[in-house]
Amino acid sequence: MTLRVDCDLLKWLYVPTEWPWEGFASPQEWSVQLADETAVALGYDASTREWLQITLEGLAQNVGPAEYRFVYFVDPNAILSFVSLYEVPRQDDSFEDLLGMGDSACIRPPQAVRFNSSNLGNGMKSMRFVADANDREITGISHWAWRQDDRDIVMIAAGQNIAEFGMLQDEFDEFAQSISVIGPTFHLASSEA
């Protein structure tokens with residue numbers, strides 16, 4: 001991956017995609033230590049610590065191909081959301097497809113607006129709300145997309161707590177602004193540095 005993410009590491013947690021990683025042999029080992037340390041720091045009880053460990057392990061185990069995942073990790077017991085970041089060779093799909101504009105499960109027409117990034121240039125952001133036909137739950141989904149000469153860059157965030165999802169849009173936008181293109185390896189850097 002040739003993207004750099006200068007997100008605020010006091011807010012965002014990178015979810016590893018390959019193991020071993022930074023001395024952790026597996027997603028289970030990583031999630032246990034992270035849940036233990038978070039529970040101590042934020043005063044979580046044993047059941048909340050166990051829930052967090054299971055959740056983190058699941059987030060690490062189901063990362064898709066070519067996906068890079070970051071969790072909003074300020075107080076995961078209060079708000080737990082994540083973004084997925086993709087960089088792929090430029091697709092034949094239309095820009096509207098990158099933004100999920102043709103989703104037939106939308107409960108109203110999706111909205112798209114220009115999203116200018118100081119690093120990636122002009123892009124678009126879309127937001128849509130989709131209904132699950134089986135359980136009638138509503139999910140909010142936002143896409144940020146930039147079409148470069150040789151690649152498409154897409155960031156996706158989703159949430160079933162619609163109020164929380166709306167509240168996090170500024171955080172998601174800030175994260176999207178932190179993405180830039182660099183050399184041949186994926187690199188994380190703290191905005192605090």
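This report walks through charged pairs, a charged surface patch and some backbone features of the structure above.

## Before you start

This is a predicted model: local features need pLDDT of at least 70, side-chain atom pairs count only at pLDDT 80 or more, and totals for chains, interfaces and linings use all residues. Residues are numbered from 1 along each chain as its sequence is written, and side-chain values use heavy atoms, with hydrogens and water left out.

Helices (H or I, at least four residues) and strands (E, at least two) are DSSP runs, numbered from the N terminus. A residue is called buried under 20% relative accessible area, exposed over 50%, and partly exposed in between, with a 1.4 Å probe and protein chains only.

## Salt bridges

Side chains of opposite charge can pair when their charged atoms come close. How many salt bridges does the structure hold? There are 10 salt bridges, each being a side-chain nitrogen of Lys or Arg within 4 Å of a carboxyl oxygen of Asp or Glu.

One of them joins Arg 4 and Asp 6, whose closest N and O atoms are 2.9 Å apart. Arg 4 is partly exposed, at a relative accessible area of 25%, and Asp 6 is partly exposed too, at 26%.

## Glu 87 and its partners

Glu 87 is found in strand E4. Which residue forms a salt bridge with Glu 87? The partner is Arg 151, and the closest N and O atoms of the pair are 2.5 Å apart. Since Glu 87 lies in strand E4 and Arg 151 in strand E8 (residues 151-159), the pair ties together parts that are 64 residues apart in sequence.

Is Glu 87 buried or exposed? Glu 87 is buried, with a relative accessible area of 17%, and Arg 151 is buried as well, at 15%. The side chain of Glu 87 also has a polar contact of 2.5 Å with that of Thr 2. Here a polar contact is a pair of N or O atoms within 3.5 Å; within protein, one must be able to donate a hydrogen and the other to accept it, and residues adjacent in sequence count only if both atoms are side-chain atoms.

Another salt bridge is formed by Lys 125 and Asp 173, with 2.9 Å between the closest N and O atoms. Lys 125 lies in strand E6 (residues 121-131) and Asp 173 in helix H5 (residues 169-177), so this pair ties together parts that are 48 residues apart in sequence. Lys 125 is buried, with a relative accessible area of 9%, and Asp 173 is buried at 19%.

## A negative patch on the surface

Which residues gather in a patch of negative charge on the surface? They are Asp 92, Asp 93, Glu 96 and Asp 97. Patches are made of residues with over 30% relative accessible area and no salt bridge; like charges are joined within 9 Å, and nonpolar side chains (Val, Leu, Ile, Met, Phe, Trp, Tyr) within 5 Å. Lys and Arg count as positive and Asp and Glu as negative, while His and the chain ends are not counted.

Asp 93 lies in the loop between strand E4 (81-89) and helix H3 (95-98), and is partly exposed, with a relative accessible area of 39%. Glu 96 has its place in helix H3 and is partly exposed at 46%. The C-alpha atoms of Glu 96 and Ala 145 are separated by 9.4 Å, with the two residues 49 apart along the chain.

## Backbone features to look for

Most residues other than glycine have a negative phi, and most peptide bonds are trans. Where is Pro 20 placed? Pro 20 is in the loop between strand E2 (12-15) and helix H1 (27-42), and a cis peptide bond joins Trp 19 and Pro 20, with omega about 0°.

Glu 22 is found in the loop between E2 and H1. The phi of Glu 22 is positive, near 50°, and Glu 22 counts as exposed at 64% relative accessibility. Ala 66 has a positive phi too, near 65°. Ala 66 is found in the loop between helix H2 (46-61) and strand E3 (67-72) and counts as partly exposed, at 44% relative accessibility.

How values were computed: Accessible areas come from the Shrake-Rupley method with a 1.4 Å probe; for residues, only the protein chains shown count as cover. The place of a charge is taken as NZ of Lys, CZ of Arg, CG of Asp or CD of Glu.
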